[in-house]
Amino acid sequence: MKVCLLSSELGPFAKTGGLGDAVAGLARFLAGQGVDLRVFLPFYSSARLAGRTVVPVEFLQGLTTELAGRAVRYGVHTTALPGTAQPIYLVHCPALYDRRGIYDDRGDEHLRFALLCRAAIECCQRMGFGPDVFHLNDWHTALVPLYLRTAYGWDELFAGSRTLLTIHNLGYQGIFPAREVDALGLGPARALLHQEDLARGRLSFMTAGILHASHLSTVSPTHAREILTPNYGFGLDPLLRARADHLVGIVNGVDYGEWDPAADELIAHPYSTADLEGKEWNKKALLEEVGLPYEPGVPLFGVVSRLTAQKGFDLFYDAIPELLARRPARLVVLGSGEQRYEEFFHALGRAFPGKVRFHCGFSNPLAHRIQAGSDMFLVPSRFEPCGLTQLYSLRYGTVPIVRRTGGLADTVELYDSAAGTGTGFVFDNFDSQALRWALDYALDSYADRAKWNGLVRNAMAQDFSWERQGPHYLDLYRRI
Ligand code: ADP
């Protein structure tokens, strides 16, 4: 099996969220299965490559490709995917990738990611590598199917190649002014773009991918159904419905090498189901770290998240202050993003100084310690294609409280206190009353510690490893 994998993110080199984790985990799994794999991502100047060996690939230097009417120069460097011998190819083009972050607002994102698409195809040509599958991830890589049919359609090397576009987040579509079409070097392929979009003055990378990829996937079965509806389709549901026969959902795997409470070097007290006392020690350590008082029997909620509308924190405005005033509980929040949510959490911290701590920023070590030290983990998302943090929290016995949407619906099962089954607390409606119900149910359940420990063990026994999830991708590659 020959696979060419393209992504704008790959952890730990370049990651802003779950996409980086998912692509790295899949690549590691595929490499371990003996798949002949070529992985391409941009060589961002911000890439976290300290301590890694990065070398230019000799026969992939001084290359040019045509974009925006001129020859753009690029080369390719390589480094190993951490923990493997699998090479990763980094497309080096300082003019486009020397920026402060992974994404940029200078107005040339279409060129930055069109280059990634073209460079990956051209490097496959120079390697004499005809992939069985080009596996594309999100809008940044979604022009590959179109390029393969047009600019590179003459090359027999790709005659047997199929394309799979995995949609990690439909909320980001890569939309640009229609006049930029000419910059992409598509030539007559312009006619294959979505004509209504163009007539409305828009060029959408995601739309092009949905129209032209051989197959589509998203990152959970429930989300694969949801995006066919107007509520979750971001305006693309009619196009997706037309391709529903070629769309599947596969839940992301977790890298339990990084997220394992028994072997986590970032937490103070490793623990396992055999020794849940260690978890309480992590809670004490976390509360001390953030400066909140520890009190036996008082539960701690954790949040680690991008602070955007997707993540559902609007539901907190009513429910959380009321809950904190009414019941003993603590809350630790780690995240950053939109100002209105940052302001809300800062204000919450001021209103409940002994109960709430907000750490505004990004910190992987603190994310691990919140997973280990909290009793419950909150993910109230408005929509959630897969979600990784609830998978980590299951593993850490930090009982997830989630809204029943997308991957959250597929990975957390509502606790039944009578039967002792289930792994978390799941509410349906996107309103604060439903969240309040879940919070009260969770706090009431926490009071019965013997039963609670049963729930914690149920959660920790779940297996969302890549060893389990990865084979679904291999099956799909074979099928397409
Ligand atoms: P999304 O990709 O929509 O942000 P996911 O749940 O799929 O959501 O993945 C989020 C990933 O980013 C997880 O690995 C999570 O731990 C991490 N993360 C999010 N915010 C922060 C933060 N402020 N600090 C550290 N890690 C974070």
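**Cavities, pockets and rings**

Guide: The second largest cavity is lined by Leu193, His194, Asp197, Leu198, Arg202, Leu203, Ser204, Thr207 and Ala208. A cavity is a set of points on a 1 Å grid over the protein atoms alone where a 1.4 Å probe fits but cannot get out, and lining residues have an atom within 4 Å of a point. This is a predicted model: local features need pLDDT of at least 70, side-chain atom pairs count only at pLDDT 80 or more, and totals for chains, interfaces and linings use all residues. Residues are numbered from 1 along each chain as its sequence is written, and side-chain values use heavy atoms, with hydrogens and water left out.

Visitor: Which element gives the most to the lining of the second largest cavity?
Guide: Helix H5 (195-199), strand S10 (202-204) and H6 each give two or more residues. Helices (H or I, at least four residues) and strands (E, at least two) are DSSP runs, numbered from the N terminus. With 3 residues, the top contributor is S10.

Visitor: How many charged residues are in the lining of the largest cavity?
Guide: Its lining includes Leu5, His135, Asn137 and Trp466. Ala, Val, Leu, Ile, Met, Phe, Trp, Tyr, Cys and Pro count as nonpolar, Asp, Glu, Lys and Arg as charged, and the others, Gly among them, as polar. The lining divides into 6 nonpolar and 5 polar, and the charged count is none.

Visitor: What is the volume of the largest pocket?
Guide: A pocket is an open set of grid points with protein on both sides within 12 Å along at least five of seven lines. Grid points are joined across faces, edges and corners, and a volume is the space filled by probe spheres set on the points. For the largest pocket that comes to about 1,100 Å³.

Visitor: Which residues lie nearest the centre of the largest pocket?
Guide: Its lining draws at least three residues from each of domain 1 (2-253 + 467-479) and domain 2 (277-463). Those bounds come from an automatic or database domain assignment. The pocket is lined by 45 residues, and nearest its centre lie Thr16, Gly17, Gly18, Leu19 and Arg306.

Visitor: Which element gives the most to the lining of the second largest pocket?
Guide: The second largest pocket has a volume of about 360 Å³. Of its 21 lining residues, the closest to the centre are Gly11, Pro12, Lys15, Asp21 and Glu258. The most, 5 residues, comes from H1.

Visitor: Why is the pair of Trp139 and Phe205 called edge-to-face?
Guide: Rings of Phe, Tyr and Trp (its six-membered ring) pair if their centres lie within 6.5 Å; planes under 30 degrees apart count as stacked, over 60 as edge-to-face and the rest as tilted. Here the centres are 5.3 Å apart, and the pair is edge-to-face because the planes stand at 85°.

Visitor: Is Phe205 buried or exposed?
Guide: Buried means under 20% relative accessible area, exposed over 50%, partly exposed in between (1.4 Å probe, protein chains only). The relative accessible area of Phe205 is 0%, so Phe205 is buried.

Visitor: Which ring does the charged end of Arg38 sit over?
Guide: A charge sits over a ring if NZ of Lys or CZ of Arg is within 6 Å of the ring centre and within 35 degrees of the ring normal. The charged end of Arg38 is 4.0 Å from the centre of the ring of Phe129.
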